[in-house]
Amino acid sequence: MSTHKIALMTACLCAAAAQSLPAQLDTAHSRHSDLSVALGVAHTERLDATASPIRFGGQGVDFGAHYRRARGATLLLASLDGGTRDLVPHASTNGTAGEQLTSGVLHVAALRRLGAQAAGSGFAVGVDASASIDVTAHRYADANKSVSNFLIGALSLGPAVWWNHHLAGGGAHLELSAPLIALVDHPYSDTRIESRVNVRPVTARDFRGFTGAVVYTPAERRRIGVEYAYRFRVFGYSDIQPVHSASQALSVGIVTRFGSR
Amino acid sequence: MKTPARRTLRAVLFGALVLAGACGDTFVGPTGAVTHAQLFDEVWHSVDLHYSFFELKQVDWNSVGGHFRPLALAARSESEFAGVLSQMLRELKDVHVSITPVGTASTTRYVSSSDTTRTYFTLDLVTRRYVVDTRLTTGGHLRYGTANPDVGYVRIPSFAGGGWASEIDEALDRMGDVKTIIVDVRDNSGGQYKLAASVAGRFTDRTRTFGYVRYRNGPGHGDFTGYNAETVEPSGPRPFTGRVYVLTNRRDFSSAEDFVLAMRVIPTVTVVGDTTGGASGGPIVRELPNGWTYQVSEWIEYTATKAIFEGVGLAPDVVVRSTKADSDRGIDAALQAAIDMATGTPAVAPTSRPPS
């Protein structure tokens with residue numbers, strides 16, 4: 001599935017869900033929590049020069065658990081997303097090259113709403129801490145079809161923004177975060193060589209990217225509802241052997257709400 | 001839907017569309033045709049980052065690159081370009097370094113003096129004169145038989161492939177209660193390291209360290225990990241604990257040498273024959289943006305006494321070099337020596353193992 005197709009699906013999904021839903025206010029005094037679990041399809045484009053100079057891309061399955069807790073002007077977001085992808089090379093190898101990517105990302109963000117909240121919308125800024133790991137099983141196009149495992153792991157800290165807008169009985173929100181500083185573990189070669197963690201402290205100059213989500217929840221007042229999301233994660237790591245990755249996923253989840261608005 | 005809400009939703013979707021479209025090429029990099037200059041630089045740079053024997057072999061890689069880059073850029077066809085890359089890689093004088101272009105030619109690599117050394121080994125002579133009742137194991141990877149009721153013989157021509165280590169168990173079972181086994185790995189060019197270690201595990205009663213490897217782990221030509229121990233562990237349902245003679249020659253390379261390295265730390269094992277080829281590099285495969293593959297040595301392997309044997313080989317306990325004269329007379333001198341030692345009629349006096 002191409003990135004354009006995914007984008008088109010996102011557009012259709014959100015447009016359909018946004019029809020004929022009454023607006024709703026979210027007061028600054030609300031106390032509520034949301035917990036959702038989601039499953040979706042994902043697409044990743046990736047180049048890890050440690051494994052290969054060839055760009056690989058492909059689809060897979062994503063899953064996630066997301067928690068959102070609001071206490072007055074304070075907002076706490078926590079999420080755990082993971083998934084696997086089967087990637088194929090963007091080059092004419094002899095047919096056996098491939099990658100299997102397994103990823104996991106944990107985010108915890110604390111935000112504060114800014115200014116007077118307009119009816120039906122809100123904006124918050126804060127800090128996001130994340131831990132991520134990407135393990136790539138790279139299958140080479142040699143006669144032995146040899147497989148080597150490569151990884152990149154990171155602990156990062158950076159700004160986060162959150163914006164929501166109520167759309168006729170439902171709600172859409174946007175989450176966005178970017179690393180400013182990070183500790184990155186990116187072994188020089190495949191993982192059989194050194195099993196110990198060897199982290200490098202870096203800034204956004206060397207480890208840059210952003211993670212985000214556009215989430216739409218129709219019938220936001222129900223205790224149990226459905227949630228549609230488009231999530232993306234982009235990062236680039238400048239190293240002797242750099243890593244670039246862009247992932248996006250469309251997911252559908254079940255959301256449970258607690259507390260009062 | 002109210003107009004402001006619709007505008008907001010449109011803005012969000014527009015952002016998502018822009019991001020989705022831009023993701024691949026913008027954030028990961030473009031795909032498509034690459035020039036000979038880019039390909040050459042990728043090979044040179046990757047070898048510079050990963051090859052393990054620059055210092056040992058005293059190769060000036062900058063100079064090599066400076067010499068071959070203009071030739072590569074002047075190449076008028078893909079096969080000519082592949083030829084230049086192959087020539088450059090041959091400067092490393094390493095049988096583990098090779099390049100496999102797609103659609104232009106087959107794999108090419110450096111040919112060492114050990115590759116062309118006459119060993120005078122023929123399986124035909126073995127089966128005609130010394131082990132007349134040989135059979136193949138079920139998977140066809142091993143040939144076995146008995147030289148006499150007490151002396152078994154197993155021929156391992158290669159460690160290529162995988163998953164057939166248990167065929168050695170089949171051979172051991174079928175040979176019955178032999179007291180001695182001759183394991184013949186002459187002219188074995190290697191294959192899979194794990195397979196070689198697993199087969200060797202059939203002959204040890206406990207875990208033993210047989211060598212060490214140090215991996216290249218940084219951009220400097222002298223950047224290596226510490227010494228990682230290589231061990232041979234008991235494997236298979238019925239370890240053979242009798243006397244073992246391992247036959248070697250100059251055309252044993254890579255995993256066959258790992259097998260010899262593992263076997264020679266076992267007290268019941270005697271290595272007979274000629275020094276091995278000395279190809280110990282532990283190759284990794286790399287890819288090029290045009291789909292070609294090449295491989296380079298990434299580690300330095302050491303013996304149990306931390307001696308490097310790359311380009312030198314592993315010397316046997318008992319030196320028996322086969323000669324043309326032996327061959328002409330229908331004699332397999334190394335096998336004959338092993339049988340004599342196994343049956344207690346030593347025709348060849350054991351010598352101490354020369355230092356690697």
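The second largest cavity has a volume of about 170 Å³, in a predicted model where local features need pLDDT of at least 70, side-chain atom pairs count only at pLDDT 80 or more, and totals for chains, interfaces and linings use all residues. For bookkeeping, residues count from 1 along each chain as its sequence is written, chains are lettered from A and ligands numbered from 1 in the order written, and side-chain values use heavy atoms, with hydrogens and water left out. A cavity here is a set of points, on a 1 Å grid over the protein atoms alone, where a 1.4 Å probe fits but cannot get out, and a lining residue has an atom within 4 Å of a point. Points are joined across faces, edges and corners, and the volume is the space filled by probe spheres set on them.

So what surrounds the second largest cavity? Its lining has 19 residues, and S130(A), S156(A), P179(A), F207(A) and T211(A) lie nearest the centre. The strands β4 (98-113), β5 (121-139), β6 (147-167), β10 (207-217) and β11 (224-237) of chain A each put at least two residues into that lining. Strands are DSSP runs of E with at least two residues, helices are runs of H or I with at least four, and both are numbered from the N terminus. By class, the lining has nine nonpolar, eight polar and two charged residues; Ala, Val, Leu, Ile, Met, Phe, Trp, Tyr, Cys and Pro count as nonpolar, Asp, Glu, Lys and Arg as charged, and the others, Gly among them, as polar.

Searching the whole structure turns up five cavities of 30 Å³ or more. The largest cavity comes to about 570 Å³. It is lined by 42 residues, with S79(A), D81(A), H107(A), T211(A) and R231(A) nearest its centre. That lining splits into 17 nonpolar, 15 polar and ten charged residues.

Now for a pocket, which is an open set of points with protein on both sides within 12 Å along at least five of seven lines. Of its 24 lining residues, L47(A), P53(A), I54(A), E42(B) and P289(B) lie nearest the centre. Helix α2 (residues 36-50) of chain B gives the most to this lining, with seven residues. Twelve of the lining residues are nonpolar, nine polar and three charged.

Two packed helices are described by the angle between their axes and the distance between the axes. Axes are lines fitted to C-alpha atoms, for helices over the stretch in contact, and angles run from 0 to 180 degrees between N-to-C directions. The axes of α2(B) and α5(B) come within 12 Å and cross at roughly 20°, and α2(B) and α5(B) are therefore roughly parallel, the term for angles under 35 degrees. On the α2(B) side, H36(B), L39(B), F40(B), V43(B), W44(B) and V47(B) meet E78(B), F81(B), L85(B), M88(B) and L89(B) of α5(B), where contact means heavy atoms within 4.5 Å. These divide into nine nonpolar, one polar and one charged.

Helix α5 (residues 78-90) of chain B also packs with helix α4 (residues 61-73) of chain B, at about 165° and with axes 10 Å apart. That angle makes α4(B) roughly antiparallel to α5(B), the term for angles over 145 degrees. From α4(B) the contact takes W61(B), V64(B), F68(B), L71(B) and A72(B), and from α5(B) F81(B), V84(B), Q87(B), M88(B) and L89(B). Its classes are nine nonpolar, one polar and no charged residues.

Lastly, helix α9 (residues 193-200) and helix α10 (residues 255-263) of chain B pack at about 30°, with axes 8 Å apart, so α9(B) and α10(B) are roughly parallel to each other. Here Y193(B), A196(B), V199(B) and A200(B) of α9(B) meet S255(B), D258(B), F259(B), A262(B) and M263(B) of α10(B).

Technical notes
Parallel < 35°, antiparallel > 145°, perpendicular 65-115°, else oblique.
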